Amino acid sequence: MSGAAISTRGLVHIYRSEGHDVAALSGVDLSVRSGEMIGLLGPSGAGKSTLLTLLGGLFRPSAGKIYIGDHELTALTVKELDRLRAREVSLMLQGASRNLLPYLTPRQNVEFAQRAARRDSADLPDVGEVLDRVGLSEYADHHLSGLTPGHLQLAAVAVAIATDPGVVLADEPTSQLDHEARDTVLKVLADISAQQGTTVVLVTHDPQVAAVMPRTITIRDGRIGGEGRAGEEYAVVTADGFVHLPDHALAALPPGTLVRVHDQDGIYQLIPEHEAGGTPGATKEGS
Ligand SMILES: Nc1ncnc2c1ncn2[C@@H]1O[C@H](COP(=O)(O)OP(=O)(O)OP(=O)(O)O)[C@@H](O)[C@H]1O
């Protein structure tokens, strides 16, 4: 299967618990092209895992739409959602062992991951080929207990791509790995994206992982707070007109500052109220 595009529109998620509600996502408009590989960044509690699990169809959003390829997830029945998860969208949970059956070998884990899709008589890749794609052929029949953390994570990637899904969603797939294993896992995911056309979205806290991603999206307070492309950081205008200022601009324009948005031949400047009467040279450039 080739990759599937992902998009969300006005995605909101509220966790309802006794006594108080937590708004984990407050209107996320995300677009990821088919076959693209992106990194989701952001501080702890920003909403990254919530976004990833919603994309993976694990639960339904409080509001908004999620499109994966031709499917709009919130419109699917439970059975259709199960079928989508069995075949087209793989979610790798944080920690390799949470994605693997401990008493099975990597080969048996991949076979197990194909079972639900096989019931639908789907055209599935050869198990040996899947293990080869992640560079684990040599360890295909080893007990998991004898594998290194890096090899275990590669086995988890093999399980994620067992059905040749259009989308792989990975929650911190390189955390707790040494640098060599981290780079191997990243390269395998990048190769899967480039060669199979699989769309890959991974969450990371690691700046070195973020630095090698072709595109990053930063989630802050349940919204898209910024976007990085080829090392360049951009602020993103949301559908309702909000722009999350980067930290360096926020230091100069603290909350509550009145700014005038000045258009100078297509270059937009944010002019703080106390400088509004000053010369243009005294202005601070907005993003
Ligand atoms: N099951 C839940 N019930 C209630 N609140 C939750 C639940 N899961 C997450 N939250 C809250 O939702 C917000 C977003 O959490 P989420 O785990 O999506 O953030 P995150 O960016 O993935 O954080 P981290 O990097 O620490 O994993 C946080 O305030 C969190 O406390």
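How close do the axes of H5 and helix H6 come, and at what angle do they cross? The axes come within 9 Å and cross at roughly 15°. The legends below describe this pair and other parts of the chain in a predicted model.

**Figure 1. Helix H5 beside helix H6 (residues 179–196).** The axes of the two helices come within 9 Å of each other and their crossing angle is roughly 15°. With that angle, H5 counts as roughly parallel to H6, and the crossing is right-handed. From H5, the residues in contact are Pro149, Gly150, Gln153, Leu154 and Val157. From H6, they are Ala181, Thr184, Val185, Val188 and Leu189. Seven residues of this contact are nonpolar and three are polar, with no charged residue.

**Figure 2. Helix H3 (residues 106–119) beside helix H5 (residues 149–160).** Here the axes come within 8 Å, and they cross at roughly 25°. Angles under 35 degrees count as roughly parallel, and H3 and H5 are therefore roughly parallel to each other. The crossing of H3 and H5 is right-handed. Pro106, Asn109, Val110 and Ala113 are the residues of H3 that take part in the contact. Their counterparts in H5 are Ala155, Ala158 and Val159. Sorted by class, the contact of H3 with H5 holds six nonpolar residues, one polar residue and no charged residues.

**Figure 3. The open sheet of seven strands.** The strands follow the order E6-E7-E8-E3-E9-E10-E11, and their pairing is mixed. Strand E6 (89–92) and strand E11 (232–234) stand at the edges. Each of these two has a single partner strand, so one side of each is left without a neighbour in the sheet. From one strand to the next, the twist averages 20°. Helix H1 (residues 48–55) packs on this sheet, where it touches strand E3 (37–41), E6, E7, E8 and strand E9 (215–220). The direction of H1 makes about 150° with that of E8.

Figure 4. The bridge partner of Leu40 is Ile217 in E9.

**Figure 5. The hairpin of E9 and E10.** Which residue of this hairpin takes a positive phi? There are two residues between the strands, and Asp221 takes a positive phi near 50°. E9 and strand E10 (residues 223–229) pair in the antiparallel sense, with six bridges. Across the pair, Arg220 stands opposite Arg223 in E10.

**Figure 6. The open sheet of four strands.** The order of the strands is E2-E1-E4-E5, and the pairing is antiparallel. At the edges stand strand E2 (20–32) and strand E5 (71–72). Each has a single partner strand, so one side of each is left without a neighbour in the sheet. Strand E1 (residues 6–17) and strand E4 (residues 63–68) are joined in the antiparallel sense by five bridges. Two of the facing positions can be followed here. Val12 stands opposite Ala63 in E4, and Ile6 has Ile68 of E4 as its bridge partner.

**Figure 7. The hairpin of E4 and E5.** E4 and E5 pair in the antiparallel sense over two bridges. Tyr67 has Glu72 in E5 as its bridge partner. Two residues lie between the strands of this hairpin, and Gly69 takes a positive phi near 55°.

**Figure 8. The two domains of the chain.** The C-alpha centres of domain 1 and domain 2 lie 40 Å apart.

Terms used:
Residues are numbered from 1 along each chain as its sequence is written. This is a predicted model: local features need pLDDT of at least 70, side-chain atom pairs count only at pLDDT 80 or more; totals for chains, interfaces and linings use all residues. Two strands pair if DSSP finds at least two bridges between them. Axes are lines fitted to C-alpha atoms, for helices over the stretch in contact, and angles run from 0 to 180 degrees between N-to-C directions. Two residues are in contact if their C-beta atoms, placed from the backbone, lie within 7 Å. Domain bounds come from an automatic or database domain assignment. Angles under 35 degrees count as roughly parallel, over 145 as roughly antiparallel, 65 to 115 as roughly perpendicular and the rest as oblique. A crossing is left-handed if the near helix is turned anticlockwise from the far one by less than a right angle, and right-handed if clockwise. Ala, Val, Leu, Ile, Met, Phe, Trp, Tyr, Cys and Pro count as nonpolar, Asp, Glu, Lys and Arg as charged, and the others, Gly among them, as polar.
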